[in-house]
Amino acid sequence: MTQHSQHPQYSSPPDPRDRPARLAVGVVGAGRVGPALAASLQLAGHRPVAVSGVSDASRRRAAELLPGVPLVTPAEVLARSELVLLTVPDDVLPGLVQGLAETGAIRPGRLVAHTSGRYGVGVLEPALRSGALPLALHPAMTFTGTAVDVQRLAGCSFGVTAPEELRLAAEALVVEMGGEPEWIEERHRPLYHAALALGSNHLVTLVAQAMELLGAAGVGAPDRMLGPLLGAALDNALRSGDAALTGPVSRGDAGTVAAHIEELRRHAPQILPGYLAMARATADRALAGGLLKPELAEDLLGVLGQDGTDRTDGPRGTDGTTGDDGEDTR
């Protein structure tokens, strides 16, 4: 680990290696994430000492996961803590950091960590100028706001970004919470977050739409029907990537896909655009991976283009590229 004296912008704060092994932990923003992380750190021997929360739900959550920890203002959280977790929505984070810095609430030597997936440590620049030690620790997990989250953190990957001098300290905190640190460069944080949103948030939408269609088709327990199918599909995709593709698009069954489109147009037109977009993306990947035969791709892509909208990605070749400059940006 590099000594801080080599980096004047830190104003020579205490080296994390010289800190007591156990830290006083504070939470600003008692949403679903912060109390669970603080509770996990408590299991590792750290001491939650203060939490801030505005809504009744936040206060109940803090009382359940951090019993006995006082509810105070954000400034008081920073005054009492050696490690501060800023667990607020992405759009709130920059203003919060700026406001805390301007009011003098951030003191030199404090570890200040946020849990936003979107941001790296650049958003903590005002805190850095005040002498804080900035960390970005994003758990790649959905939270319920209950005690079960603490258990789920075991083995959870964290997107970690920090100054090189603090990398070991950041990764050690993740390990103490039971997580697995994954280093993300500052410049790659938005791309990293987009990947997680694509895989997690959009998955929820796809599953909900599939359940809606099954219900319309008369299936009494859509969740029970989808559970084994989706579980196997997810497992296969994580293991094999594009090689796990199955179904009418990857087989080039243009007639089946046309029937799907017609039924969706009749019964669920609001779902049709998403179906078409995912079918086209699936066709592209199946074609590029050699799963979809080129001689079948033309009819399939023709069916997928018969929705009354224009393709905006240029003329498509049989190799799955756009035909513009040959660059595969997927």
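**Salt bridges, ring contacts and cores**

1. The side chains of E125 and R129 form a salt bridge, with N and O 4.0 Å apart; the term denotes a side-chain nitrogen of Lys or Arg within 4 Å of a carboxyl oxygen of Asp or Glu. Because E125 and R129 are four residues apart in helix α5 (residues 125–129), about one helical turn separates them. E125 is partly exposed at 34% relative accessibility, and R129 is exposed at 55%. Here buried means under 20% relative accessible area, exposed over 50%, and partly exposed in between (1.4 Å probe, protein chains only). Helices (H or I, at least four residues) and strands (E, at least two) are DSSP runs, numbered from the N terminus.

2. The model is predicted: local features need pLDDT of at least 70 and side-chain atom pairs count only at pLDDT 80 or more, while totals for chains, interfaces and linings use all residues. Residues are numbered from 1 along each chain as its sequence is written, and side-chain values use heavy atoms, with hydrogens and water left out.

3. The whole structure contains 11 salt bridges. One of them joins R266 to E263, with the closest N and O atoms 2.6 Å apart. Both R266 and E263 belong to helix α11 (residues 254–267), where they are three residues apart, about one turn of the helix. E263 is partly exposed, at 39% relative accessibility. A network of salt bridges links E262, E263, R265 and R266.

4. D253 and R251 also meet through their side chains in a salt bridge, at 3.0 Å from N to O. D253 is partly exposed, with a relative accessible area of 28%, and R251 is likewise partly exposed, at 48%.

5. R167 lies over the face of W183, 4.2 Å from the ring centre. The criterion is NZ of Lys or CZ of Arg within 6 Å of the ring centre and within 35 degrees of the ring normal.

6. The largest nonpolar core has 35 residues, and L83, L85, L135, L137 and F158 have the most contacts inside it. Such a core is a set of buried Ala, Val, Leu, Ile, Met, Phe, Trp, Tyr and Cys residues joined through side-chain atoms within 4.5 Å. The elements that each supply at least two residues of this core include β1 (24–28), β5 (133–139) and α7 (167–176). Its largest share, five residues, comes from α1. Another core, of 23 residues, lies apart from it and includes V77, L96, V112 and L124.
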